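The following exercises ask the reader to work through one protein chain step by step. Please examine the sequence and the structure before turning to the solutions.

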Amino acid sequence: MIAIGIGANSQAHKHDFATALAEAREAVGGADVVATFDVAIFAHHVRDAAGEAGLDYRSVALDAMRARSGDCLTRSERTLLLFGVASIAEAAALVGAGAGSQLIMARRIAGNITIAAAQSADERKGAE
């Protein structure tokens, strides 16, 4: 199972989320779940983009993202300062993909959106 994590800045617009999601899906060859910070002001746009793409949506609590922050490959100083999380997109992807998941695409910037992808531990074992 592949989860796409999404973050955004205050300049992001509704249509940006679907575009960024499509870019992430193309980069990793598909996805099953889209995840983001549950109280993010843009979370409803992520949920809508996931629904339009026919993907499941998962809202992710801050504590869960903090628990996976050490597994992030990149870091945003601003995000660390504000939330104590290295990367919203990466941590959301990791939580969305479940325990033992690993990043398969580090955070990328797609305009005003950040995207990342993680693969579940079960799927990685099946590929070995």
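**Exercise 1: Helix α2 and its surroundings**

α2 is followed by G54, which has a positive phi, near 75 degrees. Helices (H or I, at least four residues) and strands (E, at least two) are DSSP runs, numbered from the N terminus. The model is a predicted one, in which local features need pLDDT of at least 70 and side-chain atom pairs count only at pLDDT 80 or more, while totals for chains, interfaces and linings use all residues. Residues are numbered from 1 along each chain as its sequence is written, and side-chain values use heavy atoms, with hydrogens and water left out.

*Task.* Determine which residues of helix α2 are buried, and what covers them.

*Solution.* Step 1: apply the cut-offs, by which buried means under 20% relative accessible area, exposed over 50%, and partly exposed in between (1.4 Å probe, protein chains only). Step 2: in α2, residues 43–52, the buried residues are A43, H45, V46, A49 and A50. Step 3: viewed down the axis of α2, these residues fall within an arc of 160 degrees, so they line one face of the helix; the arc is that of the directions from the helix axis to the C-beta atoms. An α-helix has 3.6 residues a turn, so residues three or four places apart point the same way. Step 4: on the other side of α2, G51 and E52 are exposed. Step 5: the cover over the buried residues includes β1 (2–8), α1 (14–28), β2 (33–37) and β3 (56–60), where contact means heavy atoms within 4.5 Å.

**Exercise 2: The sheet**

*Task.* State the order of the strands in the sheet, and describe how β1 is paired and covered.

*Solution.* Step 1: the five strands form an open sheet of mixed pairing, in the order β3-β2-β1-β5-β4; two strands pair if DSSP finds at least two bridges between them. Step 2: β3 and β4 (102–110) stand at the edges with a single partner strand each, so one side of each has no neighbour in the sheet. Step 3: from one strand to the next, the twist averages 20 degrees. Axes are lines fitted to C-alpha atoms, for helices over the stretch in contact, and angles run from 0 to 180 degrees between N-to-C directions.

Step 1: β1 pairs with β2 in the parallel sense over three bridges, and seven bridges join β1 to β5, which run antiparallel. G5 stands opposite A35 in β2 and opposite A116 in β5, while I4 stands opposite V34 in β2. Step 5: six of the seven residues of β1 are buried. Step 6: α1 lies across β1, β2, β4 and β5 (113–119), running at about 145 degrees to β1.

**Exercise 3: The hairpin of β4 and β5**

*Task.* Describe how β4 and β5 are joined.

*Solution.* Step 1: β4 and β5 run antiparallel and are joined by six bridges. Step 2: Q102 stands opposite Q119 in β5. Step 3: two residues lie between the strands of this hairpin, where G111 takes a positive phi near 70 degrees.

**Exercise 4: A loop residue**

*Task.* Is S120 buried or exposed, and what does S120 contact?

*Solution.* Step 1: S120 is placed in the loop between β5 and α6 (121–127). Step 2: its relative accessible area is 9%, so S120 is buried. Step 3: leaving aside neighbours within four places in sequence, S120 is in contact with M1, A97 and S101.
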